[in-house]
Amino acid sequence: MAGAEITIPPVVDEDEKRLNELGYKQEYRRVMTPFEQWAYTFSYTAPLGFVTGYYGFMYSYGGPVTIIWGFIATAIGTLCMAFAMAEVCSAFPTLGSVYYWVAQMVPKQHAPWLSWFVGWLYLVGSFCGTALNEYLLAQLISTMILLWTGKQFSSTQIVAVTAGVFFIHFWISIVNTKWLGRLSATGAWFQITSILVIVITLLAVAPKYQHPKFVFTQFVNAPGQGVQSKALVVLLGLPYFQSILTGFEVGTHVVEEVKTAATSGPRAMIRTVYVTASVEIVLLLVLTFCIQIPDNVLGDNTATGGGDSSAASQIYYDVFHARYGHGVAGSVVFTGLAVVSLFFGNITNVTLTARMAYAMARDQGLPFHRHLVLLSKKEKIPVLATVVTVVGSFICTLPALGSSVAFTAITAMSTITAYGPYTVVLIVRHLYNDRFVRGPFSLGKYGIFVGSWGAFWGACMCVFFCFPPSYPVTATTLNYAPVSVAGCIAIGLIYWFTSGHRSFRGPKRTIELHNEVKLETLTRGLTIAHPGSINPDSGHSK
């Protein structure tokens, strides 16, 4: 109709404009603040929960000297990876994370297959990691029950508890995004506060401390594992430190729900590493200084049932027992704080895995993608993707019913399939440097050095996770992680060549901006006097 004026609504802000340029419509609600995004990431790292759950494994492979110096070396390597990946995140602030980044940085002829396999490995790793974290939470609950009642849980009962916490996390994960942000903020404050409570209490209650020489030089040669080389013992211990520093990039999975994404995303990644590493090294130092009976840390017949997974709970018990003559209450309370720490972290875990599944389905990279991309009408939550995440991750815990070796392989695979994609991202970032357009966050001339070390470190971690943990190597001591990863790759190859290569052609654009005038129009909210022309009185004519 001639003379009629049509007002095109403006793009809300620079975040939506950049997302449109990357090929996607704004579908999620941007209601998270940058602090809530960082809190979401930091809450996932659950430092108290993972240090409590893994302390015995770290102590077993090298003892105090490896715990302190090995952790510092791992923190430096992880920080290099975080800085280098933050630069990539700033350039591409969208949900697909690692697989989207790879697709944008490699030549077009390689983008579909390489980005799909990176995404596939990362998604499988996310499923396995979610299974591991929920199972670790159930193990800590079983330790509390053992301390309080004297009843030892069977593997079947621990898996049943795992199913229960999965059910709870499912319902929490499909609430609205604003509440997820608030829960993340609450979880972040809890992580820090609970560690402060434990650190101060242990230092105040412990009647004696270990000598600094013990803390910084004492070596434990992997008792019962048959490992003769001290260097090999240290290398076997490093992956456990890497496990408790994994997940610094999970904030990228809510990057389309946060404001100022191109800067807040990179900052959340870097801040997560140095804050997590700082609180974890403090907790590790205090735990090691407060060991009352070194033989109890890895002992079999102890109040907490013995074994690597309950070593930290045993330290809590020994400290209170040495001071008051009984340690059950203190150990139960402190282990309970670790349980809550993991509970908050696993909210993030379930949510991020569902978001990753949604992102790949949006690009037609998964079977049944038409269903997985469905969002709830009101809150825009990928409910079906969350269902698949919970069910698939729970299935990954079932090997624990029959074989601890099989489940250990799955848990090792969760980290290999995280750091493998990280390493690929950093390699292609510098291999195709001329194709990379930096975002607001940039490392400048130092990027090549930081990224190279980060890629080297990530590759080393993938190799170390494949080492057998015990010698001589037999069917029961073999590390089946490489077999699991090979199986994952084989399944991926079968899907890719039978179906995936036809449906997945790389990240799929959900919005097309046909020309510069349309982009300017969407950005500034121009008033148009007639379809296809610009009102000369608007002050924006070219």
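A disulfide here is a pair of cysteine sulfur atoms within 2.5 Å. By that rule, the count for this structure comes to zero. The structure is a predicted model, so local features need pLDDT of at least 70 and side-chain atom pairs count only at pLDDT 80 or more, while totals for chains, interfaces and linings use all residues. Residues are numbered from 1 along each chain as its sequence is written, and side-chain values use heavy atoms, with hydrogens and water left out.

Take C128: the closest cysteine sulfur, in C396, sits 4.3 Å from its own, too far for a bond. C128 is buried, at 2% relative accessible area (buried means under 20%, exposed over 50%, partly exposed in between, using a 1.4 Å probe and protein chains only). For C460, the closest cysteine sulfur belongs to C462, 9.3 Å away, again too far for a bond. C460 is buried too, at 16%.

V124 lies in helix α6 (residues 111-149); helices are DSSP runs of H or I with at least four residues, numbered from the N terminus. With 15% relative accessibility, V124 counts as buried. Beyond neighbours within four places in sequence, V124 touches M413, T417 and C488, where contact means heavy atoms within 4.5 Å.

Then there is a helix pair. Residues P47, L48, V51, Y55 and M58 of α3 meet V279, E280, L283, L284, L287 and T288 of α11.

Methods: Helix = DSSP H or I, 4+ residues; strand = E, 2+ residues; numbered from the N terminus.
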